[in-house]
Amino acid sequence: MATATQTPVIFLPTLQRLGSTVDPTIDVQGIANAWDYHTYEGRDRVKRFLTNQLPKFSPSTLKLREDLVELQTPFEDLVELQTPFEDLVWTQDYFTFDTTVGHASGIFRLVPLANGSWKGHMVFTNLEDLRGFPEKIRPSGNPEEIHGKSAEARKREQEHLDEEPSVIVVGGGQSGLDAAARLKALDVNVLIIERNERIGDNWRNRYAALCLRDPVWYDHTPYLPFPPNWPIYTPALKLADWLESYAHVFELKVWTSTRVVTVEPGTKGRKWSVKVVRGDGRERVFKVNHVVFALGISSDTVRMLNVPCREEFTGQVLHSSKHKGATDHLGKKVVVVDACTSAHDIRSDYADHSVDVMMVQRSCYAGAYGYPNKG
């Protein structure tokens, strides 16, 4: 009888699991700079991936970023050997390399083994730019811009009256804006389709207490990083205004209040047929080379609990997507069901407003307190 494929369980490389200890006086720089590069056999799927991909891209010119070699710790200024948690220790190192298609960077972590050696635990790589396609991020020197003659031309470009876009990005959130900015820097004609009235409304139209749970250094926008005084955890309304300003500063072409109706492969060539409807009802069909879907990690589908006797409950039952603020329920008793980030945001908002609130979840909860890295 056939059995279902089980999802592999991934464990943290704790010292207990590795059977290892670390001398607190260890020379971290010595470990990083003395490493030779070897290839170690990992899981079958990783090996299979590397076997298939490495010959295609021929990585070369691998260099350790010695200026960035450090021990990963969120507590101090990366001077002493410390651990992010009680039973976790690693070094974190950076490197650069070239491939047949471009220049790339990478990051890897080493964990201590029981025999005193250090072994790679994870590797991430990132393509930084494409060979032969430099980004156009320098001043254009267009004399029409100097004399203020480009407003009409920009309006025509925004409406795509003279030229069809090569790429349509569906979704004007941060990922959509990031992709469009990168494509524009490569001289690609790109149009963003956003259904909301304004860029940033996907954050504005949420509950008042919403705040990002990713620290600021995870969320920088291309070519224009957040300023140094930006809060570590960004309030939603602040991010919304930043994204709208970002689109204006980089003159990204955006159609707001517009919906994508259909995306279909073209009948001739390799182009895609994209039909959109604007807020005033006007329709247009684009023939483009590529379509980028930047729709976020969740959808508009609301899943409500089917609670027995719910119809007999005389109070209000609402989904978190409809929640606005704790002040709507002052003097009430509130139950928040589930325990993910939105649930904690909403519960904390109620508690801050002295609302009697209880959080309920189906199973036991495993939580870990994190501390912001000084990035």
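Student: Let's start with Glu244. Is that residue buried or exposed?
Tutor: Glu244 is buried, because its relative accessible area is 16% and the cut-off for buried is under 20%. Keep in mind that this is a predicted model.

Student: Which residue does Glu244 form a salt bridge with?
Tutor: The partner is Arg198, and the closest N and O atoms are 2.7 Å apart. Glu244 sits in helix H8 (residues 236-249) and Arg198 in the loop between E7 and helix H7 (201-204), so the pair links distant parts of the chain, 46 residues apart.

Student: And how accessible is Arg198?
Tutor: Arg198 is partly exposed, with a relative accessible area of 36%.

Student: What about Asp241, what does its side chain meet?
Tutor: The side chains of Asp241 and Arg204 meet in a salt bridge, at 3.2 Å from N to O. Asp241 is in helix H8 and Arg204 in helix H7, 37 residues apart. Arg204 is buried at 17% relative accessible area, whereas Asp241 counts as partly exposed at 41%.

Student: Which residues end up in one network?
Tutor: Salt bridges that share partners join Arg198, Asp201, Arg204, Asp241 and Glu244.

Student: How many salt bridges does the structure hold?
Tutor: The structure holds 13. One of them is between Asp187 and Lys136, at 3.1 Å from N to O.

Student: Where are Asp187 and Lys136?
Tutor: Both are in loops: Asp187 between helix H6 (174-185) and E7, Lys136 between strand E5 (118-130) and helix H4 (143-146). The pair therefore ties together parts that are 51 residues apart in sequence. Asp187 is exposed at 55% relative accessible area, and Lys136 is exposed at 57%.

Student: New topic, aromatics. How many pairs are there?
Tutor: The count is eight aromatic pairs. In one of them, Phe95 and Phe97, the ring centres are 5.7 Å apart and the planes are at 25°.

Student: Why is that pair called stacked?
Tutor: Because the planes are at 25°, and planes under 30 degrees apart count as stacked. Phe95 is buried at 9% relative accessible area, and Phe97 is buried at 11%.

Student: Which rings are linked into a cluster with those two?
Tutor: Ring pairs link Phe95, Phe97 and Phe108 into a cluster. Phe108 is buried, at 11% relative accessibility. The rings of Phe95 and Phe108 have centres 5.9 Å apart and planes at 45°, so that pair is tilted. Phe95 belongs to strand E3 (residues 91-98) and Phe108 to strand E4 (residues 102-112), 13 residues apart.

Student: Back to the surface. Which residues form the nonpolar patch?
Tutor: Leu305, Val307, Val335, Val337, Met358 and Val360 form that patch, with about 530 Å² of accessible area together. Strand E13 (333-337) and strand E14 (356-360) each give two or more residues to the patch. Leu305 is in the loop between strand E12 (290-293) and E13.

Student: Where is confidence lowest, and where is it highest?
Tutor: Confidence is lowest in helix H2 (residues 28-34), with a mean pLDDT of 36, and highest in strand E7 (residues 190-193), at 98. Over residues 25-40 the pLDDT stays under 50, and that is also the case over residues 371-375. Where pLDDT is low, the predicted coordinates should not be read in detail.

Student: What is the mean for the protein?
Tutor: The mean pLDDT is 80, and 78% of the residues reach 70 or more.

Notes. Residues are numbered from 1 along each chain as its sequence is written. Side-chain values use heavy atoms; hydrogens and water are left out. Patches are made of residues with over 30% relative accessible area and no salt bridge: like charges are joined within 9 Å, nonpolar side chains (Val, Leu, Ile, Met, Phe, Trp, Tyr) within 5 Å. Accessible areas come from the Shrake-Rupley method with a 1.4 Å probe; for residues, only the protein chains shown count as cover. A salt bridge is a side-chain nitrogen of Lys or Arg within 4 Å of a carboxyl oxygen of Asp or Glu. Helices (H or I, at least four residues) and strands (E, at least two) are DSSP runs, numbered from the N terminus. pLDDT is the predictor's confidence in each residue, from 0 to 100. Contact means heavy atoms within 4.5 Å. Rings of Phe, Tyr and Trp (its six-membered ring) pair if their centres lie within 6.5 Å; planes under 30 degrees apart count as stacked, over 60 as edge-to-face and the rest as tilted. Buried means under 20% relative accessible area, exposed over 50%, partly exposed in between (1.4 Å probe, protein chains only).
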